[in-house]
Amino acid sequence: MKFLSFIVSVIALIYNEVEAIKLQANVGELFTYKIEPQLFNWTHQVISQQFRYRPSLRSYPDLPSWMRYMYSHEYHAGFLYGTPPESAAGKDLSLDVVALNRQNYETRHVVVSMFVAHKFPTPNVVQMKINNLNWVHFMDPGRVENLRNIFRNDLWPNSREDLSVVFMESAVNMGGRLPLRPQQREGVIVHVGSFAQFSPRLMELQEEVRPLYKLPSCTYKRTSVQKIFENVGFKLDWCAFRMVGMESPTEILYHSGKQSEQQMTEDQRQQEDRWIGIAREDVPVRNYIDEFAFAFAIPGMIFAILIGMLSAVLCFQHNKFSDPHSEFFFANIFHICEESCAPSASNDSEADDGSESSSNSDYPMASTVQMVQCSDSKSNQPITTLKNLKDPNFLLDNISMRSQSPNNSFYQLDCGNSSIYARPKPPPYKGGTLGRNGVDI
């Protein structure tokens, strides 16, 4: 049953095929073709968006690279458009267009034959952007004719014989942004070209809009020819207005992107399309040894120079330095060592003999406690007591200085009713610290 239905559908597709339609396109000129229900013998449309179309190059899944297909919901039709390049000149193309009726899922097929005629590309081109139109509006021959009349009658009279539209594309497809409001138009990029030289009025218009080349868009700008375009329903973006020709300035060719195309020949283009690999031995090798040597040589030289300068300053200028405190310290450093070592040797010898009291009396600073012997007047017996040398009352309050004569260097201490003589308090040391043996270091 399925096989029978497949055979019936194939037979219906064959019988529904219409005779091939023959078209012609010219190199360097805009080609447009409208695909509508009448092409498939469908006369009426019951539901919205009832018909769908799928064009492709015969025996291939897609279209030629220079051709684009888009469907318009506003016109309920599909459109083929594009500009044939020079490489397509003299070729015959066959397009398969398959239509689908979404109401009853009926399919029909049409073959469109096309011949691309050879024509020299126009050297002088005027590029512009129209903000208040969409790409589909330029499928209307009336609008295209109105635009051509502006140039042929007012701006470019010398192009009356051969002026043509050489390019048309939606501004969104060229990198523009969709408008914020869906009711607004997307904008369309249009190029018109001719073999005639630019008129003086066009040259003046170019100089008028030249300061705007650095801006991406400027809908607020008005020019001297603003009314001419607005009277026929065109609102131009003057920041996108360019004149590209054989004698155009360099900045215009740069903004238009046509400079390389005008300078390259067909052979150069073919050579650029080819990719030629390189051999393994031709691949450049990077030498890291030279780079490391260069990276360390310069800092090393700078470091050596700085060290040499510092050494010269320290060595040759040392004799001029004079520090009295340092000289005094180095001159007396050996005396300090002798004084610190002498008490330590005497203490060791006296410690071996077991005379601790003699050691304490000879060096009163070796201990903070001193043994003092006093005699009692009643019993005539000696009394031994301990006195703290750190106690200020030891030599101030309880010490009566009997004589301050240099010949009598002993203090007389009162011990009850008797008195004894003790060694004097050593002179005070400032800024020193006491060591283990009581020597000021």
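**Entry 1: β9 and β10**

I began with a strand pair: β9 and β10 run antiparallel, and 6 bridges join them. I checked what counts as a pair: DSSP must find at least two bridges between two strands. Strands are DSSP runs of E with at least two residues, helices are runs of H or I with at least four, and both are numbered from the N terminus. The model is predicted, so I noted its limits: local features need pLDDT of at least 70, side-chain atom pairs count only at pLDDT 80 or more, and totals for chains, interfaces and linings use all residues. Residues are numbered from 1 along each chain as its sequence is written, and side-chain values use heavy atoms, with hydrogens and water left out.

Next I looked up one bridge in this pair. Glu169 has Ile189 in β10 as its bridge partner. I also asked how much of β9 is buried. β9 is mostly covered, with 6 of its 7 residues buried. Buried means under 20% relative accessible area, exposed means over 50%, and partly exposed lies in between (1.4 Å probe, protein chains only).

**Entry 2: The whole protein**

I then stepped back. I found 10 helices and 16 strands in the protein. It has 441 residues, and 30% of them count as buried. The accessible surface comes to about 29,900 Å² (Shrake-Rupley method, 1.4 Å probe). Carbon and sulfur atoms account for 55% of that surface.

I looked at contacts too, meaning heavy atoms within 4.5 Å. Among contacts in the protein with a separation of 6 or more, 62% are between residues 24 or more positions apart.

**Entry 3: The cores**

Which residues have the most contacts inside the largest nonpolar core? I listed Val126, Phe138, Phe151, Val190, Phe229 and Phe241. This core has 40 residues. A nonpolar core is a set of buried Ala, Val, Leu, Ile, Met, Phe, Trp, Tyr and Cys residues joined through side-chain atoms within 4.5 Å. In soluble globular proteins, nonpolar side chains tend to be buried together.

α2 gives the most, with 5 residues.

I followed Phe138 further. Leaving aside neighbours within four places in sequence, Phe138 contacts Ile130, Leu133, Val144, Leu147, Met168, Val188, Val190 and Phe234. I also noted a second, separate core of 25 residues, which includes Val27, Tyr53, Leu80 and Val97.

**Entry 4: The disulfide**

How many disulfides does the structure hold? I found 1. A disulfide is a pair of cysteine sulfur atoms within 2.5 Å. Here the pair is Cys218 and Cys239, with sulfur atoms 1.7 Å apart. Cys218 sits in the loop between α3 and α4, and Cys239 in the loop between α4 and β11 (242-244), so the pair ties together parts 21 residues apart in sequence. The torsion about their S-S bond is about 130°, so the disulfide is right-handed.

Are the two cysteines buried or exposed? Cys218 is buried, at 0% relative accessibility. Cys239 is buried as well, with a relative accessible area of 1%.

**Entry 5: An open sheet**

I traced 3 strands that form an open sheet in the order β2-β5-β4, with antiparallel pairing. β2 (31-35) and β4 (67-72) stand at the edges with a single partner strand each, so one side of each has no neighbour in the sheet.

β2 pairs with β5 (residues 77-82) over 5 bridges. Phe31 stands opposite Gly82 in β5.

**Entry 6: β3, β6 and β7**

β3 (residues 51-57) and β6 (residues 92-101) pair in the antiparallel sense over 7 bridges. Arg54 stands opposite Val98 in β6. β6 also runs antiparallel to β7 (residues 106-117), joined by 10 bridges. Leu93 has Met114 in β7 as its bridge partner, and Asn101 stands opposite Glu106 in β7. The hairpin of β6 and β7 has 4 residues between the strands, and Tyr105 takes a positive phi near 55° there.

**Entry 7: Two loop residues**

Asn41 is in the loop between β2 and β3, and its phi is positive, near 65°. Asn41 is exposed, with a relative accessible area of 57%. Ser59 is in the loop between β3 and β4. Its phi is about 70°, a positive value although Ser59 is not a glycine. Ser59 is exposed, with a relative accessible area of 70%.
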